[in-house]
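The sequence and the model are shown first.

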Amino acid sequence: MFLRIDKLQAELPAPKRRDPNAAAALQELLGGKYGEMSTLNNYMFQSFNFRSKEKLRPFYNLVASITAEELGHVELVSNGVAMLNNGPDSDLDETGGGDITGAPFEEMKDIRLAASFLSGGGGAMPMNSNGNPWNMDFVTTTGNVVLDLLHNFHLECGARLHKLRVYETLSDPTGREVCGYLLVRGSVHAHAYALALKQITGVAIEQMLPTPNINLGQIPECAKYLEEGSHRRLYTFSPNDYKEMAGIWGNGEMALPGDPAGELTVVDGAPEGGKIHQLTGVPSAFTPDYAPEEMFEIAEQLYKKSR
Ligand code: MN
Ligand code: MN
């Protein structure tokens with residue numbers, strides 16, 4: 001089962017301006033073939049379907065705990081998309097509802113993913129940067145542990161390539177931070193699957209890393225995560241379970257040669273994470289709705305009753 005924590009896995013800077021086309025680019029990392037929906041659902045269903053869980057616990061634990069991290073990545077990218085559609089942080093919700101007869105959102109007919117505003121109200125959806133829906137055919141769960149781990153290794157390297165390309169299209173700090181954080185974590189996952197394959201097959205697949213061949217140290221947004229050692233950590237995302245993956249991620253294994261040196265470690269629980277930004281209420285777009293004051297008042301009364 002899953003627990004939920006009301007935070008993001010990383011602290012994101014607020015956008016400097018509203019940029020729906022940057023949000024559209026970031027959608028590739030959510031619902032593209034190599035996006036977070038794909039990593040989440042590959043590992044999630046592999047972990048559900050895993051045979052001989054007790055006997056193969058270190059391998060099962062690795063896939064199971066990374067599943068939980070990927071769900072948090074879906075959340076992180078989704079928040080990044082919504083923040084880029086929203087613009088700079090503001091406590092000032094639009095009041096009243098404005099005049100909807102004057103085409104207040106005329107500019108939205110020209111954005112690349114018009115449906116993200118017209119249908120989704122500026123939120124994220126499980127689709128790629130062209131608005132094509134994420135689909136189940138991106139999931140591989142064969143029941144063969146080596147084949148599934150190989151697929152996962154390929155998926156993490158592919159995700160890294162896509163993150164680098166999206167990063168190269170973005171100038172806004174929010175989208176760049178999402179890419180920077182996920183590049184470090186994706187590097188951990190590629191490394192982890194390589195080490196798991198090495199344990200089973202004896203082949204030192206981690207020597208193929210980094211693929212694609214760019215060092216994270218060259219990316220400013222990755223620097224603080226490398227400095228704090230994120231590239232050496234795998235989290236259990238559980239109060240008590242999944243610790244046994246330390247036999248794969250640990251056990252004297254070291255950081256990749258291009259990254260800051262040190263031993264790989266399994267950390268119980270979740271990273272400290274960062275706050276979820278407030279999205280501005282825009283009643284003229286009916287988000288959350290026309291005349292929100294009444295809803296806020298009702299919510300406040302309910303909140304008081306719960307204390
Ligand atoms: Mn991910
Ligand atoms: Mn990953």
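At what angle do the axes of α1 and α3 cross, and within what distance do they come? In this predicted model, the two axes cross at roughly 170° and come within 8 Å. That makes α1 roughly antiparallel to α3, an angle over 145° being the criterion.

Helix α1 covers residues 20-31. Its 12 residues should span 16 Å at 1.5 Å a residue, and the C-alpha atoms at its ends are 16 Å apart, so the two values agree.

On the α1 side, the contact with α3 is made by Pro20, Ala22, Ala23, Leu26, Gln27, Leu29 and Leu30. Their partners in α3 are Val74, Val77, Ser78, Gly80, Val81, Leu84 and Asn85. By class, this contact of α1 with α3 has 10 nonpolar residues, four polar and no charged.

The buried residues are Pro20, Ala22, Ala23, Ala24, Ala25, Leu26, Gln27, Glu28, Leu29, Leu30 and Gly31. They pack against α2, α3 (57-86), α4 (114-118), α5 and α6 (173-201).

## Helix α2 and its contact with α5

Helix α2 (residues 36-49) packs with helix α5 (residues 145-169) at an angle of about 165°, and their axes are 11 Å apart. That makes α2 roughly antiparallel to α5. The crossing of these two helices is left-handed.

From α2, the residues Ser38, Thr39, Asn42, Tyr43 and Gln46 take part in the contact. They meet Asp148, His151, Asn152, Leu155 and Ala159 of α5. Sorted by class, the contact of α2 with α5 comprises three nonpolar residues, six polar and one charged.

The 14 residues of α2 should span 20 Å at 1.5 Å a residue; the end C-alpha atoms are 20 Å apart, so expectation and model agree. This helix is mostly covered, with 11 of its 14 residues buried. Among the buried residues are Glu36, Met37, Leu40, Asn41, Met44 and Ser47. The buried residues of α2 pack against α1, α3 and α5.

Val77 is in helix α3. It has 25 other C-beta atoms within 10 Å and is therefore buried, since 20 or more are required. Leaving aside neighbours within four places in sequence, Val77 is in contact with Leu26, Leu29, Leu30, Glu36 and Val178. Val77 and Thr140 are 63 residues apart in sequence, and their C-alpha atoms are 22 Å apart in space.

Arg160 is in helix α5. Why does Arg160 count as buried? With 23 other C-beta atoms within 10 Å, Arg160 is buried because the cut-off is 20 or more. Not counting residues up to four places away in sequence, Arg160 touches Leu183, Gly186, Ser187, Ala190 and Pro212. Arg160 and Met245 are 85 residues apart in sequence and 23 Å apart in space, C-alpha to C-alpha.

## Backbone features in the loops

Most residues other than glycine have a negative phi, and most peptide bonds are trans. The table lists departures from this pattern.

| Site | Feature | Value | Loop |
|---|---|---|---|
| Ser52 | positive phi | about 55° | between α2 and α3 |
| Leu209 and Pro210 | cis peptide bond | omega about 0° | Pro210: between α6 and α7 |
| Thr287 to Pro288 | cis peptide bond | omega near 0° | Pro288: between β2 and α8 |

Are Ser52 and Phe286 buried or exposed? Ser52 counts as exposed, because it has 10 C-beta neighbours inside 10 Å. Phe286 is exposed as well, with 12 other C-beta atoms within 10 Å; 12 or fewer is the condition for exposure.

Conventions
Residues numbered from 1 in each chain as written. Chains lettered and ligands numbered in written order. Predicted model: local features only at pLDDT ≥ 70, side-chain atom pairs only at ≥ 80, totals over all residues. Axes fitted to C-alpha atoms, helices over the stretch in contact; angles between N-to-C directions. Helix = DSSP H or I, 4+ residues; strand = E, 2+ residues; numbered from the N terminus. Parallel < 35°, antiparallel > 145°, perpendicular 65-115°, else oblique. Left-handed = near helix turned anticlockwise from the far one by under 90°. Contact = placed C-beta atoms within 7 Å. Nonpolar A, V, L, I, M, F, W, Y, C, P; charged D, E, K, R; others polar. Expected span 1.5 Å × (residues − 1).
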